[in-house]
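Student: I would like to go through this structure with you, starting with the backbone. Could you take my questions one at a time?

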Amino acid sequence: NLFYGTGIPACIIVIDKENARNRNGIFMIDASKGYMKDGNKNRLRSQDIHKIVDVFNKSIELEGYSRLVPYNEIEDPANDYNLNIPRYIDSSEPEDRHDLAAHLHGGIPQKDVDELQDYWTVFPSLREALFKENGRDGYVEPKLEPAQVKSAILEHAEFKNYSSDIAKITEQWMDAHRSLLWDLEKKAVPKQIIHTLSEDLLARFSEISLLDRYDVYQQLMDYWADEMQDDVYLLAAEGGIEAAQPRGIIDDKERKIKESADLIIGKRKYKTDLIPPGLIIDRYFAEDKNQLETLQAEHETINHELEQFIEEYTAEEGLLEDAVNEKGNVTKGAIQDRLKAIGNKPDDEFVEEKDAISSCLNLLEKEAKAKKEIKDSQDKLDKKVLSKYSELTEDEIKTLVIGDKWFAAISEAIQDEVNRLTQQLAGRIKELEERYAETLSELEQSVSEYSQRLEEHLKKMGVK
């Protein structure tokens, strides 16, 4: 959050005279690409700060990010002692050049595929699964349609092994710190806990290809800021048993605080700060959850059938055209009003309409019954959940919070980083396939065909 309101890139210059005589250059870092947009601010994330500090303290040279610039390069007349960082570090994205020959004759340039070498190093046989020779030196053809690329990558054995390796590293990290979190006591220091967790996570992912360890680190730090930090402070302040209990929601107009309820029993609304009801349900009431989901699926089927029936018979001159209320909706009351209106009229004239009304009433009753069953089942489950909170032991609370909540969320976030790699690779391959899908001659042929069709239409319209 440095340089608020400053509209230009800014530099931090660190001047240290110790051992200055022994230095032969200036260590420069271009961290201008590492930030998040926060309204009208550019804010450094945890991963950006950590990367800057690591690279600076260890003088790590990374292409496009940092290097030790020798004095003779700075003294060169071309630079004339100008310390503007872009003169010495090129952090710009390489230009994505189009291949003229590929546009003329088709095929994907071999050099574009070679630029994805980081992926092929990790997934060596995946390249052969996606591309084939096209008979021209320096060009290849796609084996799959663009829409099939992503699924092919996800299903490839080498990608599955890679994903499994990431999951194992994550699991090892969780096992290493489970006891630390399990023994969390009231005097725990949250900042020390996250430091231990995050530094070890960074170290474990330091040698993993493709996956940026600082991206993985950021996933943990984001979850810490959003959720885990509050949980740790709550546990440190109140202990597990007390922190796990539901409390009434705060609805204070004067302080402009209105909390949403996590659990509703009758007219009572509860907030569950530490353990969401979903975790209780998944661990202790899975059967009840399945029954509720079955009822919800049955309700959706009935509701869909009812909607289709109403749509079909309320159209113009439909049998239920007159069985709607003032808002144009088919309701039980509107149908009963219609039945009263035609009650004394000859049956032969309204027999089909009465049959349609009878079918619609039957569907409405089934829909209302299904909705009531869902409500009753939900109310029953909610009461079980509320009762379970007061029965939880210290060990059960720790299992729910550490395993089912914290570790499950972090593991999923790290897997999202793996999925993002897949998306990037699939996106680039799809881009190349679509870029060179049609040759110039094919495009010219299409233009010619459309031109002829246009002329024919104009002639029919009498336009010369």
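Student: Is Leu 210 buried, partly exposed or exposed?
Tutor: Leu 210 is partly exposed, at a relative accessible area of 24%; buried means under 20%, exposed over 50% and partly exposed in between, with a 1.4 Å probe and protein chains only. This is a predicted model, in which local features need pLDDT of at least 70, side-chain atom pairs count only at pLDDT 80 or more, and totals for chains, interfaces and linings use all residues. Residues are numbered from 1 along each chain as its sequence is written, and side-chain values use heavy atoms, with hydrogens and water left out.

Student: Where does Leu 210 lie?
Tutor: Leu 210 is in the loop between helix 9 (190–204) and helix 10 (213–238). Helices (H or I, at least four residues) and strands (E, at least two) are DSSP runs numbered from the N terminus. Leu 210 is not a glycine, yet its phi is positive, about 70°.

Student: And what is phi at Asn 19?
Tutor: Phi of Asn 19 is near 60°, again a positive value in a residue other than glycine. Asn 19 belongs to the segment before strand 1 (25–29).

Student: Turning to the sheet, what is the order of the three strands?
Tutor: The order is 5-7-6 in an open sheet with antiparallel pairing, where two strands pair if DSSP finds at least two bridges between them. Strand 5 and strand 6 are the edge strands, each pairing on one side only.

Student: How many bridges join strand 6 to strand 7?
Tutor: Three bridges join strand 6 (residues 131–133) to strand 7, and Lys 132 has Glu 141 in strand 7 as its bridge partner. Five residues lie between the strands of this hairpin, and Gly 135 there takes a positive phi near 95°. Strand 5 (residues 108–109) pairs with strand 7 (residues 139–142) over two bridges, with Pro 109 opposite Tyr 139.

Student: Now the helices: at what angle do helix 8 and helix 9 cross?
Tutor: The axes of helix 8 (residues 157–182) and helix 9 cross at roughly 160° and come within 10 Å. Axes are lines fitted to C-alpha atoms, for helices over the stretch in contact, and angles run from 0 to 180 degrees between N-to-C directions. That crossing makes helix 8 roughly antiparallel to helix 9, a term for angles over 145 degrees.

Student: Which residues of helix 8 and helix 9 meet?
Tutor: Among them are Trp 173 and His 177 in helix 8, and Leu 197 and Arg 204 in helix 9; contact means heavy atoms within 4.5 Å.

Key:
Parallel < 35°, antiparallel > 145°, perpendicular 65-115°, else oblique.
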